[in-house]
Amino acid sequence: MLSARSLFQEILDGDESFRLFCSVAASGESQGGWENARIAALVPESQRELAPRIARHGADEDKHGRIFRALLRKRGLEPVEVPPETDYTMLLERHGIGLAHDRLRGDEALGVRDVVTYLAHSRVTEQRAAEQMRLLRRHFSGHPDIGRAVRMISEDEDDHLAYSNEELLRLAAAGYGRDIRRALRECALVEIRVHRDVSLAVMDRMGRLLGWPRTRSALLAAGIHAVYAYERLGGWRRMVSLRMPERRDALGGPAKAAPEFA
């Protein structure tokens with residue numbers, strides 16, 4: 001039977017497919033760690049109270065990258081080069097979503113609208129990350145090899161989603177509501193396309209590594225297109241709604257350590 005659980009179990013069981021999965025995940029998380037660290041260093045004086053939270057976000061992402069690399073080491077595997085068509089983070093930047101890396105490599109302070117752009121990008125992409133990790137947590141939280149990693153990363157992604165909601169609501173109350181709505185909509189509509197394209201590319205690679213028949217690959221591709229159709233018709237709105245989270249100041253402390261994965 002074709003299900004999310006059986007699909008991921010097959011990816012987990014194959015060394016080369018697991019290697020690709022962890023390599024793609026580690027690369028994206030590490031890139032997010034760098035981005036957040038640079039943003040924390042460049043936030044404007046009027047938003048300096050955000051810097052420790054942004055830095056904490058980046059530290060969490062770095063930790064996730066280390067966790068995925070540690071899972072590879074545990075299997076005696078080395079990371080593989082991430083195929084460009086599967087690089088979610090870089091494809092979003094190429095489509096103009098988030099803050100350009102050229103800007104982050106410089107020393108010029110960001111403006112408040114840059115902070116809005118960053119937080120809108122976080123709100124949308126953390127929605128995706130939180131949903132994906134909840135799916136893995138539902139099926140694999142008790143797995144002897146990846147269960148602890150899945151639970152830890154999922155909890156962090158929930159915190160990141162709560163943080164981005166709270167900070168955007170704070171800025172909306174300060175008069176940036178129109179900018180926030182525009183940035184969220186633009187980001188969400190691009191993200192769903194990039195997510196579709198990356199999903200198709202990853203499943204194509206997985207199919208070749210695992211020797212899937214054409215009918216199975218075609219069925220998975222059709223499912224990915226169906227998800228995109230749903231999101232394009234209105235599902236994207238879940239990524240742009242703002243709600244005060246139950247857990248306030250979710251990134252107000254130091255990053256939670258993961259010494260067993262370091």
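Visitor: Which residues do ring pairs link into a cluster?

Guide: In this predicted model, the cluster linked by ring pairs consists of Phe8, Phe21, Phe68 and Phe140.

Visitor: Why do Phe8 and Phe140 count as buried?

Guide: The cut-off for buried is under 20% relative accessible area. Phe8 has 8% relative accessibility and therefore counts as buried, and Phe140, at 2%, falls under that cut-off as well, so it too counts as buried.

Visitor: How do you know that Phe21 and Phe68 form an aromatic pair, and what kind of pair is it?

Guide: The centres of these two rings are 6.1 Å apart, and the planes stand at 80°. Because the limit for pairing is 6.5 Å and planes over 60 degrees apart count as edge-to-face, Phe21 and Phe68 form an edge-to-face pair. Phe21 sits in helix 2 (residues 15–42) and Phe68 in helix 3 (residues 51–74), so parts 47 residues apart in sequence are tied together by this pair.

Visitor: Are Phe21 and Phe68 buried or partly exposed?

Guide: Phe21 has a relative accessible area of 24%, which lies between the limits of 20% and 50%, so Phe21 is partly exposed. Phe68 has 8% relative accessibility, which is under 20%, and therefore counts as buried.

Visitor: Why is Pro84 called exposed, and where does it lie?

Guide: Pro84 has a relative accessible area of 53%, and because exposed means over 50%, Pro84 is exposed. Pro84 lies in the loop between helix 3 and helix 4, the latter covering residues 88–94. Although Pro84 and Ala201 are 117 residues apart in sequence, their C-alpha atoms are 9.5 Å apart in space.

Visitor: What is stated about the phi of Asp249, and where is this residue placed?

Guide: Asp249 has a positive phi of about 50° although it is not a glycine, and its place is in the segment after helix 8 (214–233). With a relative accessible area of 36%, which falls between 20% and 50%, Asp249 is therefore partly exposed.

Visitor: How do you know that the radius of gyration agrees with that of a compact globule?

Guide: For 262 residues a compact globule would have a radius of gyration near 18 Å, and the protein has 18 Å, so the two agree. The C-alpha atoms fill a box of roughly 55 × 45 × 35 Å along the principal axes, and buried residues make up 49% of the 262 residues. The protein has eight helices and zero strands, and among contacts between residues at least 6 apart in sequence, 84% join residues at least 24 apart.

Note on methods. Residues are numbered from 1 along each chain as its sequence is written. This is a predicted model: local features need pLDDT of at least 70, side-chain atom pairs count only at pLDDT 80 or more; totals for chains, interfaces and linings use all residues. Side-chain values use heavy atoms; hydrogens and water are left out. Helices (H or I, at least four residues) and strands (E, at least two) are DSSP runs, numbered from the N terminus. The radius of gyration is taken over C-alpha atoms; the globule rule is 2.2 Å times the number of residues to the power 0.38. Buried means under 20% relative accessible area, exposed over 50%, partly exposed in between (1.4 Å probe, protein chains only). Contact means heavy atoms within 4.5 Å. Rings of Phe, Tyr and Trp (its six-membered ring) pair if their centres lie within 6.5 Å; planes under 30 degrees apart count as stacked, over 60 as edge-to-face and the rest as tilted.
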